[in-house]
Amino acid sequence: MPAGCRIRALWILSAHDAVVFSRRFPAVEKQWQAAGKSEGERSGGGVDGAALPYLPSDSELASSFAERKKREGSVRGFGIHVSQSAEGSDSWVDDPVMRHVISIYINKEEARENYLLWPLILHMRSQFCILVLPLAELGHLDSYEELCKRSDCGNAVGGVDGSLSSLLLDLPSVTGAFMVAHAIGEIISGDMAEPEVIVNASPSVGGLLDSLTGSIGISSRAKPVAAPVASSTPSNASVGAVSSDAMKIGSRPLDKDALRTYISSSMPFGTPLDLNASNIFSIKLNGFSSADLPPADVKQPAWKPYLYKGKQKILFTIHETVAAALYDRDEIPDSISVSGQVNCRAELEGLPDVSLPLTGLNSSHVESLSFHPSAQVPEQGADKQSVMFSPPLGNFVLMRYQASCGLGPPIKGFYQLSLVSEDEGAFLFKLSLMEGYKAPLTMEFCTLTMPFPRRRIIAVDGTPSVGTISTTEHSVEWKILVSGRGLVGKSIEATFPGTVKFAPWQAQRFPFAKSFFRSMEEEDSDDDTESTNNMVNVEEYLMEKMTKDLPPVDLEEPFCWQAYNYAKVSFRIAGASLSGISIDPKSVSIYPSVKAPVEFSIQVTAGDYILWNTLGRCPSVAMPK
């Protein structure tokens, strides 16, 4: 947790802008008031205690949040300066980060004028809006108010004095508030699964056995944090069952008791300590026993409430996700990026320290790095980064990073689709798999999907050069490589020409597109004054029309509206990371020294790996030159 992080208050709002849960921390609020009065005394009475922006009531916050949403055009707002932006608003600042770090003007009846509440962290999860207000210095609030009134906003370069980025760099509490908001979002949604760690199996004998097993690894799903090893606990199996039940506490819609338990335990008096939900709920259900007491001369960290007992070993897994947008157009460059994380499971007795070097940082062109709160990171070298950490129980993310793909896209090619008639389309795929990739890199499977959520498929005519095809009512799936027949140390070319026939178009079933664009044209023809007062809330209008007019399946593929059509590729690659980052198990050291085997594995999967139709319209972002 970043140093100095304190939370003044947090709110959870429903989709109807009603506060359904709130929590204020009086201890932190007293710090805020005391700091404000001290600042006033130092400035010669410039800050009046009564004029300080105190915490609003739930009704005041809900009303002000609804006003902001109306003013900014949607829940998150534009994030950039538009013609409707008013001086003092978030969009006036002209920085996309204002879609996540927002401000609200609170209207108190007894106050002479509205006062500003900032920085408010906005996180959306499961139809709820989570607002977290961290403690910030009064000087930072004054700087932001001045920034909102400047006419030259928009310079988001961190090194520029007076920019929003330089202001946020002085506020580590904002990072902590983001972590709190995401953790609470996981409690609300019930999505509290720990990161996956892959356990390598014994070497395969190849041939038929590989075809039968389909892979050379065993996926070890993350288990909840271990319960206390006590005499009252009959077995590890029962411990796992109890902990699993603990995780289900947050799976019910907005379980307020679970939220209160989590907040009071993870951030007592508004100070975030341990945001691991499985730790919190395991402690609540299982408590402690005398066997859980650490040695008298060792301080037990908050992220490790229980001590492990059993066979010792360490597991590391580098899990990378490749995202790409391939256009095959001269005017639009292809985009590819790698996001990765180093997952760890350290089953070590006592409270040892683990250190290891990360290699390949120079060749991977790492753009950003972040580490687990238990990690200590000294200055990095040219191509190595040493990391020392005191591991918690269970699976955890030791490090996250963003990097470029040094080997180029694992799948290259193009996708073309054109309508022969209103109910028939001709398509062509030409792909190259693993071009330039060498052993031990192995593509274990590869599947391409063409979604047509707004058209019902009647027939598909065409034969791919490799693999098989299957169809559903709204998609065509091309299995290029199947599990057990991976691609190792070579590349292949794959083509798939064909036609797809749809059921007759039923315009009455999908009036969304025509009504939307008609309304847009009508509003564009209004005068400037009326368009300013009745700003087109595009984001909410789309959601409303989609929910009303389209069947549920269409909500899953928003990019298939009108001429935005694409194909999505999914694959898995093993053997090495695409970024070049790696861990040498022999270089991992443990203090105090113990004999514990170290296992290391790598898994690369496709994220949003998109082939946009070369013959159709496609969204793109103008990159800076």
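What you're looking at is a predicted model, where local features need pLDDT of at least 70, side-chain atom pairs count only at pLDDT 80 or more, and totals for chains, interfaces and linings use all residues. Residues are numbered from 1 along each chain as its sequence is written, and side-chain values use heavy atoms, with hydrogens and water left out.

Let's start with the sheet. Strands of a sheet pair through backbone hydrogen bonds, either parallel or antiparallel. Here, an open sheet of 4 strands runs in the order β15-β16-β22-β18, with antiparallel pairing. (Strands are DSSP runs of E, at least two residues, numbered from the N terminus; two strands pair if DSSP finds at least two bridges between them.) At the edges sit β15 (411–421) and β18 (457–461), each pairing on one side only. β18 and β22 (residues 492–502) share 4 bridges, and A459 has K501 in β22 as its bridge partner.

Now for the cores. The largest nonpolar core has 66 residues, and F316, L433 and M443 are among those with the most contacts inside it. Such a core is a set of buried Ala, Val, Leu, Ile, Met, Phe, Trp, Tyr and Cys residues joined through side-chain atoms within 4.5 Å. A second, separate core of 47 residues includes L171 and I280.

Why does T442 count as buried? Because its relative accessibility is 16%, and buried means under 20% relative accessible area (1.4 Å probe, protein chains only). The side chain of T442 reaches the backbone oxygen of P440 at 3.1 Å.

Note on methods. Buried means under 20% relative accessible area, exposed over 50%, partly exposed in between (1.4 Å probe, protein chains only). A polar contact is a pair of N or O atoms within 3.5 Å; within protein, one must be able to donate a hydrogen and the other to accept it, and residues adjacent in sequence count only if both atoms are side-chain atoms.
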